[in-house]
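Work through the exercises below with the model open. Each task is followed by its solution, step by step.

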Amino acid sequence: MLFVSARSIFNTEYRLVQTLLQQMQDKFQTMSDQIIGRIDEMSTRIDDLEKNIADLMTQAGVEEIEAPPEKAKEGQGS
């Protein structure tokens, strides 16, 4: 009888641990999906911002500078 009771307790605890692990995995997946969604949203917003800046530069008659700032300064100082 003691053997059956111990086995029953083990099975109950095993299922409890399995349930907790599944819940943790589900929460982790939900959080991962939310983070990826926010990163995608930020990427879209950055793309929009870059486009708006390029449009403003075009309207102002400013050309894009291809060289990094350090190189541009070196070229102007010589």
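**Exercise 1. How many helices and how many strands are in the chain?**

Solution. Start with the model itself: it is predicted. Count the elements next. The chain has 2 helices and 0 strands. Helix α1 covers residues 2-60.

**Exercise 2. State what share of the residues counts as buried, and what supplies the exposed area.**

Solution. Take burial first. A residue is buried under 20% relative accessible area. Of the 78 residues, 0% count as buried. Now take the surface.

**Exercise 3. Find the aromatic pair and classify its geometry.**

Solution. Two values are needed, since a pair of aromatic rings is described by the distance of the centres and the angle of the planes.

1. Search the whole structure: 1 aromatic pair turns up. The partners are F10 and Y14.
2. Check the distance. The ring centres lie 6.2 Å apart, and the cut-off for a pair is 6.5 Å.
3. Check the angle. The planes meet at 25°. Planes under 30 degrees apart count as stacked, so the pair F10 and Y14 is stacked.
4. F10 and Y14 are 4 residues apart in helix α1, so about one helical turn separates them.
5. Y14, with a relative accessible area of 47%, is partly exposed.

**Exercise 4. Locate the salt bridge and describe its setting.**

Solution. 

1. A search of the whole structure gives 1 salt bridge.
2. K51 forms this bridge with D55. The closest N and O atoms are 3.0 Å apart, and the limit is 4 Å.
3. Both residues, K51 and D55, lie in helix α1. Their spacing is 4 residues, about one turn of the helix.
4. D55 has a relative accessible area of 34%, so D55 is partly exposed.

**Exercise 5. Which residues make the nonpolar surface patch of about 300 Å²? Is M24 buried or exposed?**

Solution. 

1. The patch is made by V17, L21 and M24.
2. M24 belongs to helix α1.
3. The relative accessibility of M24 is 56%. Exposed means over 50%, so M24 counts as exposed.

Note on methods:
Residues numbered from 1 in each chain as written. Predicted model: local features only at pLDDT ≥ 70, side-chain atom pairs only at ≥ 80, totals over all residues. Heavy atoms only, no water. Patch = residues over 30% accessible without salt bridge, like charges linked within 9 Å, V, L, I, M, F, W, Y side chains within 5 Å. Areas by Shrake-Rupley, 256 points an atom, 1.4 Å probe, with all protein chains shown as cover. Salt bridge = Lys/Arg side-chain N within 4 Å of Asp/Glu carboxyl O. Buried < 20%, exposed > 50% of the residue type's maximum accessible area, 1.4 Å probe, protein only. Phe/Tyr/Trp six-rings, centres within 6.5 Å; stacked < 30°, edge-to-face > 60°.
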